[in-house]
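User: Hello! I am new to this structure and would like to get to know it. Could you walk me through a few of its features?

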Amino acid sequence: MALSRAQTNSGESLISSTFASRYVRTALPRFRIPEQSIPKDAAYQIINDELMLDGNPRLNLASFVTTWMEPECDKLIQNSVNKNYVDMDEYPVTTEFQNRCVNMIAHLFNAPIGEDETAVGVGTVGSSEAIMLAGLAFKRKWQNKMKAEGKPHDKPNIVTGANVQVCWEKFARYFEVELKEVKLREGYYVMDPAKAVELVDENTICVAAILGSTLNGEFEDVKMLNDLLVAKNAETGWDTPIHVDAASGGFIAPFIYPELEWDFRLPLVKSINVSGHKYGLVYAGVGWIIWRNKEDLPDELIFHINYLGADQPTFTLNFSKGSSQIIAQYYQLIRLGFEQHNKHVLTL
């Protein structure tokens, strides 16, 4: 079936079906709800045929996002597509899967937690939301510190490289934080740790390092940044922390470069985000934010709700969302294990 677009005499845009089923008698308006209903098979056919004009996800080499998963995981996704992730009392196993993922990833990133301790983190719709949550935690913790010291707390800033993904600019603009960018230079296309530390002042809520730059995939030197910042903190009496944006590299470095120190092995790294829908090998719609420990996530940012049942703590920008991607992430972690994930990463 072919589709064409037309306009009425009044200029209203319509979708017309050239070779439609017999149920489609008139063209559908593009930007208004139709006056009459149509049969479900006709609605399916119209939408399916128009979607044929989209690109093929399997051939999309311009994206870092996973576009294929095993049929068994596809079945799990389809079976859970109607589960509301936030309804923890109704879907306690899904909540348990999320908690298992958080703890697995925290251990992968060498969080200082014991075998019987629970990691601090949450699943998100992607690294953008994860970064917003991390930034809010840094901002609130800095504000509390400045208030306790009787100092101004209305001009926070954050230090990044100019190569950061746009979500960092969004965070700065949406939550009123000055973005101090380290400029790139010819032949050096990531943040220079020395120049980053030079930009740090008393109002810096954190320095953000990128593990896998969007521009070229390069890892920034988090170890050098940590060491320089430790020295500056000792000199000034500040306690400026580090966040690692490991959206791309978080599911690569632990497998290929296990000796590389970029994660919670470094004392100033307080939180890390990673995209499950990149090299976590899950379809688009899942990210993770992990904190070093409970002290790094201010309690006042955590809401407690009870209108879905028992008391539920929540720290997200979203509320209702699907459960499928969380379940898919758990599938990949237990399906591949450390050995097979390593093999998958090496073939990318």
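This is a predicted model: local features need pLDDT of at least 70, side-chain atom pairs count only at pLDDT 80 or more; totals for chains, interfaces and linings use all residues.

User: How many disulfides does the structure hold?

Analyst: A disulfide needs two cysteine sulfur atoms within 2.5 Å. The sulfur of Cys 101 is too far for a bond, because the closest cysteine sulfur, in Cys 73, is 11 Å away. Cys 167 is in no disulfide either, with the sulfur of Cys 206 as its nearest at 12 Å. The number of disulfides in the structure is 0.

User: Is Cys 101 buried or exposed?

Analyst: Cys 101 is part of α3, where the buried residues include Phe 97, Val 102 and Ile 105. Buried means under 20% relative accessible area. Cys 101 has a value of 0%, so the word for this residue is buried.

User: How far apart are the end C-alpha atoms of helix α3?

Analyst: Helix α3 covers residues 92-108, which makes 17 residues. At 1.5 Å a residue, the helix should span 24 Å. The model agrees with this, as the end C-alpha atoms are apart by 24 Å.

User: Which residue with a positive phi follows α3?

Analyst: The phi in question is near 60°. The residue that follows α3 and has this positive phi is Asn 110.

User: What kind of aromatic pair do Phe 219 and Tyr 257 form?

Analyst: Phe 219 is in the loop between β7 and α7, and Tyr 257 is in the loop between α8 and β9, 38 residues apart. Phe 219 is partly exposed at 23% relative accessible area, and Tyr 257 is partly exposed at 45%. Planes over 60 degrees apart count as edge-to-face. The ring centres are 6.0 Å apart and the planes are at 85°, so the pair is edge-to-face.

User: And what kind of pair do Trp 291 and Phe 315 make?

Analyst: Trp 291 lies in strand β10 and Phe 315 in the loop between β12 and α9, so the pair ties together parts 24 residues apart in sequence. Both Trp 291 and Phe 315 are buried. Their ring centres are 5.8 Å apart with the planes at 35°, so this pair is tilted.

User: Which residue has its charged end over the ring of Tyr 85?

Analyst: The charged end sits 4.5 Å from the centre of the Tyr 85 ring. Elsewhere, Arg 185 lies over the face of Tyr 188, at 4.4 Å from the ring centre. For Tyr 85, the residue is Lys 321.

Note on methods
Residues are numbered from 1 along each chain as its sequence is written. Side-chain values use heavy atoms; hydrogens and water are left out. Buried means under 20% relative accessible area, exposed over 50%, partly exposed in between (1.4 Å probe, protein chains only). Helices (H or I, at least four residues) and strands (E, at least two) are DSSP runs, numbered from the N terminus. The expected span of a helix is 1.5 Å times one less than its number of residues. Rings of Phe, Tyr and Trp (its six-membered ring) pair if their centres lie within 6.5 Å; planes under 30 degrees apart count as stacked, over 60 as edge-to-face and the rest as tilted. A charge sits over a ring if NZ of Lys or CZ of Arg is within 6 Å of the ring centre and within 35 degrees of the ring normal.
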